[in-house]
Amino acid sequence: MRWHHQFQFAGYYMALEQGYYHSAGLDVQIMPGAPGIAALDQVLKREAEFAVSASGALLTYLQGQPVVALAAIMQKSPSVWLVRADSGIYTLQDLAQKRLELTLSQENTELLAVFAKEGIDISKLKLSSSSMKLDNLLSGQSDAFNAYLSNEPYLLEQMDVPYRVIQPIEYGVNFYQDILVGHADWLAQHPVAAEAFLQASLRGWRFALDNIDYTVAHIHQRYAPEKSIAHLQYEARVLRQLIMPELVEIGHMNAGRWQQIAAMYLQLGMIDQLKPLDGFIYQSATEAVVDYRLLLKSVLLMLLLMSLLSFFTLRYRRLARALQAEIARHAQTEQQLIERNQELLQLASTDILTGLANRRVIMQQAQAEIRRANRYQKNLAVLMLDIDHFKKINDQHGHAAGDKVLAEFAALCLRNIRDTDLAGRYGGEEFFILLPEVDLQTAILSAERLRLAVAEHPFTLSCGEQLQVTCSIGIAMYLPQQDNLDKLLLRADQALYQAKHLGRNRCAVMY
């Protein structure tokens, strides 16, 4: 494994616990990772048959090592930059001059690649080796920490420390994560065992994601007693969103996407040239049976026999029908891939839980509205919203109830703004609304209307219990010739803080 025992490796635990490996004739031992132990190196040294690695496995392959990727468990990466909410850091550009705490390894390449994609010189970044703990971020010794969406955000929420995350995917960098890899020589020598292990593991993942409560209880009891049930449940919810089993077959890999990742390594100067990825992307034993050279010889021989037996026409028609069916199957597969890519693009711009615009989109739109306000001398207001005492909802009713409150709150926002306004989620319980072409009085009225709608709305849980939820709202107007986006957001944030300081469930304005 890449790290200590946790839900991140649930599929392998379940494949072992449910007997999938045993049924396949395999004796499997699961070894946890630890600091200083590179899982991929264990495979290359032939000390393990399989390992869970990051997309950095591709870089190892491109550098000449015999590594093969069998499956990509996470379609979206959980690796993010984590900053405190009071840091004033909102975008990747803000991070460029800050102190960044990063585990310097090939597995974290995407956290640097996103800077290169935005045209920021990586050599000028203020990087320091990660302590693997949040102490420096909390004390202010570092400004950003390379984190896992399923781990460190939960820890900050438990400490009641507001935070923001900056995700590479919001800037078009989307690496696979948690790749099941093996040694090319071993796989060639043991194709049946390799295929059996892969299929049993994927079956374990399907079971784990369909039975999260059972899986969490087993991991807590057998592998990670030091982790709370609540933390493992949180991890499971986040990772399920990244694995996306409803949209993509578990373990699916796209050759074109791997080529894009390879091109990113080339742009970073980590390799000298690209090379074909045929040896990197695993071909299953069932696929390997289809030898196209043998198929061609068979077809030629068949044509000869058909000529000798005068059945050319009949056999040709049968072959034509088979080819048409194969073409149709490939066309259907290609269309499914196109639809899935479109769904991935939609997910990249939308917050999965609430359906609102994500932070990347809302920031881009805010920049566009500022330019429009300057050009046409139009008003622009922003609302920064925060659900009051949201942590208590999670603590008292569970995270599933918290998610339902967030979704209903988002729906209330949409029902109480104009079609020309834009609502988005920053993360956690923090939301943001753009109000183009409104004066201050109208902005205050809009904010009050939304605040009252939330306070009067019955938030009904799955068990039938109703919660009374309130929100605090900070209001700021764009000031031409004085403001940029950062200043505007800062004043909205300060107004939100003032509203909370004055007792919550109110609106406040920062002039």
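Biologist: Which residues do ring pairs link into a cluster?
Modeller: Tyr 21, Phe 50, Trp 186 and Phe 197. Keep in mind that this is a predicted model.

Biologist: How many aromatic pairs does the structure hold?
Modeller: There are 15 aromatic pairs. One of them joins Phe 175 and Tyr 265. That pair is edge-to-face, with 6.0 Å centre to centre and 75° between the planes.

Biologist: Where do Phe 175 and Tyr 265 lie?
Modeller: Phe 175 is in the loop between β7 (163-166) and β8 (177-183), while Tyr 265 is in helix α13 (residues 255-267). The pair therefore ties together parts that are 90 residues apart in sequence.

Biologist: Is Phe 175 buried or exposed? And Tyr 265, buried or exposed?
Modeller: Phe 175 is buried, at 3% relative accessible area. Tyr 265 is buried too, at 0%.

Biologist: What about Tyr 426 and Phe 432, what kind of aromatic pair do they form?
Modeller: An edge-to-face one. The centres of Tyr 426 and Phe 432 are 5.5 Å apart, and the planes make 75°. Tyr 426 and Phe 432 are both buried.

Biologist: On to charges. Which ring does the charged end of Arg 164 sit over?
Modeller: The ring of Tyr 90, at 4.0 Å from its centre. Another case is Arg 222, whose charged end sits over the ring of Tyr 223, 4.8 Å from the centre.

Biologist: Let's do helices. At what angle do α10 and α11 pack?
Modeller: About 105°, with the axes 5 Å apart. Here α10 is residues 191-210 and α11 is residues 212-222. That angle makes α10 roughly perpendicular to α11.

Biologist: Which residues meet there?
Modeller: From α10, Phe 207, Ala 208, Leu 209 and Asp 210. From α11, Ile 212, Tyr 214 and Thr 215. By type, the α10 and α11 contact has five nonpolar residues, one polar and one charged.

Biologist: And α1 with α10, how do their axes cross?
Modeller: At roughly 105°, coming within 7 Å. Helix α1 is residues 10-17. So α1 is roughly perpendicular to α10.

Biologist: What residues are in that contact?
Modeller: On the α1 side, Ala 10, Gly 11, Tyr 12, Met 14 and Ala 15. They meet Ala 200, Ser 201, Gly 204, Trp 205, Phe 207 and Ala 208 of α10. The contact of α1 with α10 has eight nonpolar residues, three polar and no charged.

Biologist: Change of topic. Where does Lys 98 lie?
Modeller: In the loop between α5 (92-95) and β4 (99-102). Lys 98 is partly exposed, at 29% relative accessibility.

Biologist: What is Lys 98 in contact with, leaving aside neighbours within four places in sequence?
Modeller: Ile 89, Lys 126 and Asp 143. The C-alpha atoms of Lys 98 and Leu 125 are separated by 7.7 Å, and those two residues are 27 residues apart along the chain.

Biologist: And Thr 350, where is that?
Modeller: In the loop between α16 (312-349) and α17 (359-376). Thr 350 is buried, with a relative accessible area of 16%. Setting aside neighbours within four places in sequence, Thr 350 is in contact with Gly 355, Leu 356 and Asn 358.

Biologist: Backbone next. What is phi of Arg 46?
Modeller: Near 65°, a positive value in a residue other than glycine. Most residues other than glycine have a negative phi. Arg 46 is in the loop between α3 (39-44) and β1 (50-53). Its relative accessible area is 39%, so Arg 46 is partly exposed.

Biologist: And what is phi of Asp 178?
Modeller: Near 55°, also a positive value. Asp 178 is in strand β8. At 2% relative accessibility, Asp 178 is buried.

Biologist: Last one, the whole chain. How many helices and strands?
Modeller: The chain has 21 helices and 15 strands. Its C-alpha atoms fill a box of roughly 90 × 55 × 55 Å along the principal axes. Of its 511 residues, 49% count as buried.

Biologist: What share of the contacts with a separation of 6 or more comes from residues 24 or more positions apart?
Modeller: They account for 75% of those contacts in the chain.

Technical notes. Residues are numbered from 1 along each chain as its sequence is written. This is a predicted model: local features need pLDDT of at least 70, side-chain atom pairs count only at pLDDT 80 or more; totals for chains, interfaces and linings use all residues. Side-chain values use heavy atoms; hydrogens and water are left out. Rings of Phe, Tyr and Trp (its six-membered ring) pair if their centres lie within 6.5 Å; planes under 30 degrees apart count as stacked, over 60 as edge-to-face and the rest as tilted. Helices (H or I, at least four residues) and strands (E, at least two) are DSSP runs, numbered from the N terminus. Buried means under 20% relative accessible area, exposed over 50%, partly exposed in between (1.4 Å probe, protein chains only). A charge sits over a ring if NZ of Lys or CZ of Arg is within 6 Å of the ring centre and within 35 degrees of the ring normal. Axes are lines fitted to C-alpha atoms, for helices over the stretch in contact, and angles run from 0 to 180 degrees between N-to-C directions. Angles under 35 degrees count as roughly parallel, over 145 as roughly antiparallel, 65 to 115 as roughly perpendicular and the rest as oblique. Contact means heavy atoms within 4.5 Å. Ala, Val, Leu, Ile, Met, Phe, Trp, Tyr, Cys and Pro count as nonpolar, Asp, Glu, Lys and Arg as charged, and the others, Gly among them, as polar.
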